[in-house]
Amino acid sequence: MQQWHGLEWEFSPLSRSCQYMDLTLTLSGQTIQSTLFEKPQNLYLYLPPHSSHPKGPLQSLIYGNILRIHRLCSSPREVHKHTRYFFHRLTNRGHNTTILTPLFRRATNNALTYMSCYRTNMTLTNRPNSPRLTIRSSSTSNTIHKTPQHGNSNKFGKRQLRHHPMTPHYCTYRTLTA
């Protein structure tokens, strides 16, 4: 297996938790919990406040990272923990808390608004007598907006949107038995 296409494979024993890129997934009862995985070697060398960069990258960094935290953490406790860590890392780099606090508030409100429309809940179903593991993913929003295939604009040149009901998505994985 180590010679397959020049890739080096790393095997680990079975576990209820695994790290994949910047995410830690944990099987907890009938749900899959997720949180951020951060390497211990990460130095978090964000742009210092007195660099010659424009002001926009700081706001973009905060908005993007707060949304990332809200999207990847399934527990509100984990969201709060990682948001607090992010805030402290920026202050440790020399950023002023009076500038950061309103940016964090606006970024959090923006992330909560976004997540109220697009939050995905995953439910794990494992039937004892079945070799299949089913993950059901559903959105809290019951409709999606889609532009029509024909006639992308009306006579005034504005795009028309149609509502399409969303259906839950199912992924079924077959477990291998010895």
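Predicted model: local features only at pLDDT ≥ 70, side-chain atom pairs only at ≥ 80, totals over all residues.

Me: Let's start with the layout. How many helices and strands are there, and in what order do they run?

Reply: The chain has 3 helices and 8 strands. Read from the N terminus, the order is β-β-β-α-α-α-β-β-β-β-β.

Me: Why is the contact between Arg 68 and Asp 22 called a salt bridge?

Reply: The closest N and O atoms of Arg 68 and Asp 22 are 3.1 Å apart. The cut-off for a side-chain nitrogen of Lys or Arg and a carboxyl oxygen of Asp or Glu is within 4 Å, so the pair qualifies. Arg 68 sits in helix α1 (residues 56-72) and Asp 22 in the loop between β1 (17-20) and β2 (23-28), so this pair, 46 residues apart, links distant parts of the chain. A search of the whole structure finds 4 salt bridges.

Me: What makes Arg 68 and Asp 22 partly exposed?

Reply: Arg 68 has 28% relative accessibility and Asp 22 has 29%. Buried would need under 20% and exposed over 50%, so both values fall in between.

Me: How do you know that Glu 38 and Arg 89 form a salt bridge?

Reply: Their closest N and O atoms are 3.2 Å apart, and that is within 4 Å, so the label holds. This pair also links distant parts of the chain: Glu 38 lies in the loop between β3 (31-36) and α1, Arg 89 lies in helix α2 (residues 76-92), and they are 51 residues apart.

Me: What makes Glu 78 buried while Arg 77 is called exposed?

Reply: Glu 78 has 12% relative accessibility, which is under 20%, so it is buried. Arg 77 has 63%, which is over 50%, so it is exposed. Their side chains meet in a salt bridge at 3.5 Å, N to O. Through shared partners, salt bridges join Arg 77, Glu 78 and Lys 81 into one network.

Me: Now the strands. Why are β1 and β2 said to pair?

Reply: Pairing asks for at least two bridges between the strands, and β1 and β2 have 4, in the antiparallel sense, so they pass. The hairpin has 2 residues between its strands.

Me: Which residues touch the most other members of the largest nonpolar core?

Reply: That core has 17 residues, and those with the most contacts to other members are Ile 62, Ile 66, Ile 69, Phe 86, Leu 90, Leu 100 and Phe 104. Two or more residues come from each of α1, α2 and α3 (97-118), with α3 giving the most, 5 residues. Leaving aside neighbours within four places in sequence, the contacts of Phe 86 include Tyr 46, Leu 61 and Asn 65. In soluble globular proteins, nonpolar side chains tend to be buried together.

Me: Where is nonpolar surface found as a patch?

Reply: Leu 7, Trp 9 and Phe 11 form such a patch, with about 330 Å² of accessible area together. Leu 7 lies in the segment before β1. At 44%, Leu 7 falls between the 20% and 50% limits, so it counts as partly exposed.

Notes
Residues numbered from 1 in each chain as written. Heavy atoms only, no water. Buried < 20%, exposed > 50% of the residue type's maximum accessible area, 1.4 Å probe, protein only. Core = buried A, V, L, I, M, F, W, Y, C linked by side-chain atoms within 4.5 Å. Contact = heavy atoms within 4.5 Å. Patch = residues over 30% accessible without salt bridge, like charges linked within 9 Å, V, L, I, M, F, W, Y side chains within 5 Å. Areas by Shrake-Rupley, 256 points an atom, 1.4 Å probe, with all protein chains shown as cover.
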